[in-house]
Amino acid sequence: MEEAGGKGRATSESEQVSLKDKGNEFFKAGNYLKAAALYTQAIKQDPSNPTIYSNRAAAFLHLVKLTKALADAETTITLNPNWEKGYFRKGCVLEAMERYDDSLAAFRIALQHNPQSSEVSRKIKKLTQLARDKKRAQEVENMRSNVDMAKHLETLKSELSEKYGDEECWKSMFSFTVETMETAIKSWHETSKVDARVYFLLDKERTQTDKYAPVVNIDKWQYAEESFSKAACLVAPKSIISYPQVWKGQGSRKWKHGQSDGFFVQFESPSLQKLWFVPSSTEKGQSLCRDPEILDIGAHELLPRLFKQKLPNS
């Protein structure tokens with residue numbers, strides 16, 4: 001009986017090795033589904049062999065069965081914690097999951113167990129850059145999504161509160177300007193452009209709303225006073241501004257923002273004029289508006305005054 005029993009174990013080991021080798025052949029041929037099936041059979045024959053779990057993890061990775069691949073990588077590590085291959089498999093799966101920081105940690109452990117591995121070193125270099133790029137892409141997306149112009153317009157708020165004693169009046173102008181700029185920025189982020197428009201803060205009690213719209217084409221800018229508007233904002237893309245003709249002969253000599261694309265916002269009220277340029281760049285394939293830059297309206301005025309200048313209480 002002992003002899004028979006010994007012969008049976010030898011046959012089982014031979015069959016198990018054969019299943020693993022057959023799985024390797026199918027893996028090399030690119031038939032990962034068949035390879036995974038053969039590795040599974042081999043595991044049933046020898047459930048404590050880390051090599052087979054490692055091989056099946058690689059097959060599952062190619063089949064994009066990432067949860068199963070990660071489980072096999074973890075089992076490989078459990079069965080042989082000093083073998084670099086388990087950590088390498090884990091790193092590859094986490095990379096496919098775009099969990100770059102976790103992937104990088106796994107590859108670094110793999111390198112500790114095999115400092116001479118050029119393959120692991122290349123992975124670490126690649127993942128370090130991927131993690132950095134992903135972090136920056138998230139930062140860019142956060143900046144694109146969380147637009148808050150109010151914090152950049154504190155100077156305007158102070159000037160409005162000084163010019164207009166009525167708190168409700170100046171706050172409505174400030175909110176109007178912030179909303180106009182934020183709407184323009186969101187449009188730029190979505191389409192990389194803004195339409196040239198004039199936005200009016202209409203007087204709800206005096207304006208004939210059936211005759212005057214709150215947003216008009218740039219050629220209707222003279223509606224500012226006709227519509228009894230309290231304030232107005234002109235939004236214009238840089239692409240339509242042809243200096244030096246527009247800027248009173250000042251041209252590029254007064255322009256300090258290089259070739260940056262972007263758009264202008266010119267704020268007008270009867271007592272105040274302000275002008276900003278909102279520069280834009282492209283990061284990670286996305287348009288990103290930068291902080292608004294205050295301009296000298298005397299040099300870069302886009303349109304003549306929309307309102308006849310007067311004192312706040314006149």
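Trainee: Leaving aside its neighbours within four places in sequence, which residues is D72 in contact with?
Mentor: Bear in mind that we're looking at a predicted model. D72 sits in helix α4, and its relative accessible area of 4% is under the 20% cut-off, so it's buried. Skip the residues up to four places along the sequence, and the contacts of D72 are Y53, R56, A57 and F60.

Trainee: At roughly what angle do the axes of helix α3 and helix α4 cross?
Mentor: Two numbers describe a packed helix pair: the angle between the axes and the distance between them. For α3 (residues 50–62) and α4 (residues 66–79), the axes come within 8 Å. As for the angle, they cross at roughly 160°.

Trainee: How do the residues of the contact of α3 with α4 divide into nonpolar, polar and charged?
Mentor: On the α3 side you've got P50, Y53, S54, R56, A57, F60 and L61. The α4 side brings L66, K68, A69, D72, A73, T75, T76 and L79. Sorted by type, the contact has nine nonpolar, three polar and three charged residues.

Trainee: On to rings: how many aromatic pairs does the count come to?
Mentor: Rings of Phe, Tyr and Trp pair if their centres lie within 6.5 Å. By that rule, the count is four.

Trainee: What kind of pair do the rings of F88 and F107 make?
Mentor: A ring pair is described by the distance of the centres and the angle of the planes. For F88 and F107 the centres are 5.6 Å apart. Their planes stand at 65°, over the 60-degree cut-off, so the pair is edge-to-face.

Trainee: How many residues apart in sequence are the parts that F88 and F107 tie together?
Mentor: F88 belongs to helix α5 (residues 84–96), while F107 belongs to helix α6 (residues 100–113). F88 is buried at 5% relative accessibility, and F107 is buried too, at 0%. Along the sequence, the parts joined by this pair are 19 residues apart.

Trainee: And W188 with F263: what is the aromatic pair they form called?
Mentor: The rings of W188 and F263 are 5.7 Å apart centre to centre. Their planes make 40°, which falls between the stacked limit of 30 and the edge-to-face limit of 60, so the pair is tilted.

Trainee: How many residues apart are W188 and F263, and where does each sit?
Mentor: W188 is in helix α9 (residues 167–191), and F263 is in strand β4 (residues 261–269). W188 counts as buried at 4% relative accessibility, and F263 is buried at 0%. The pair links distant parts of the chain, 75 residues apart.

Trainee: Which residues does L234 touch, not counting those up to four places away in sequence?
Mentor: L234 is found in strand β3 (residues 231–237), and with a relative accessible area of 1% it's buried. The residues L234 touches are R197, V198, I218, F264, V265, Q266, L302 and L303.

Trainee: Is K20 buried or exposed?
Mentor: K20 is in helix α1 (residues 2–28). Beyond its sequence neighbours within four places, it's in contact with Y39, A42, T51, I52 and N55. Its relative accessible area is 18%, under the 20% cut-off, so K20 is buried.

Trainee: What value is the phi of E98 near?
Mentor: E98 is in the loop between α5 and α6, and at 46% relative accessible area it's partly exposed. This residue isn't a glycine, yet its phi is positive, near 65°.

Trainee: What is the positive phi of S192, about?
Mentor: S192 is in the loop between α9 and β1 (197–201), and it counts as partly exposed at 38% relative accessibility. S192 isn't a glycine either, and its phi is about 60°.

Trainee: Zooming out, what percentage of the residues of the chain count as buried?
Mentor: The secondary structure comes to 11 helices and seven strands. Of the chain's 314 residues, the buried share is 41%.

Note on methods
Residues are numbered from 1 along each chain as its sequence is written. This is a predicted model: local features need pLDDT of at least 70, side-chain atom pairs count only at pLDDT 80 or more; totals for chains, interfaces and linings use all residues. Side-chain values use heavy atoms; hydrogens and water are left out. Axes are lines fitted to C-alpha atoms, for helices over the stretch in contact, and angles run from 0 to 180 degrees between N-to-C directions. Helices (H or I, at least four residues) and strands (E, at least two) are DSSP runs, numbered from the N terminus. Contact means heavy atoms within 4.5 Å. Ala, Val, Leu, Ile, Met, Phe, Trp, Tyr, Cys and Pro count as nonpolar, Asp, Glu, Lys and Arg as charged, and the others, Gly among them, as polar. Rings of Phe, Tyr and Trp (its six-membered ring) pair if their centres lie within 6.5 Å; planes under 30 degrees apart count as stacked, over 60 as edge-to-face and the rest as tilted. Buried means under 20% relative accessible area, exposed over 50%, partly exposed in between (1.4 Å probe, protein chains only).
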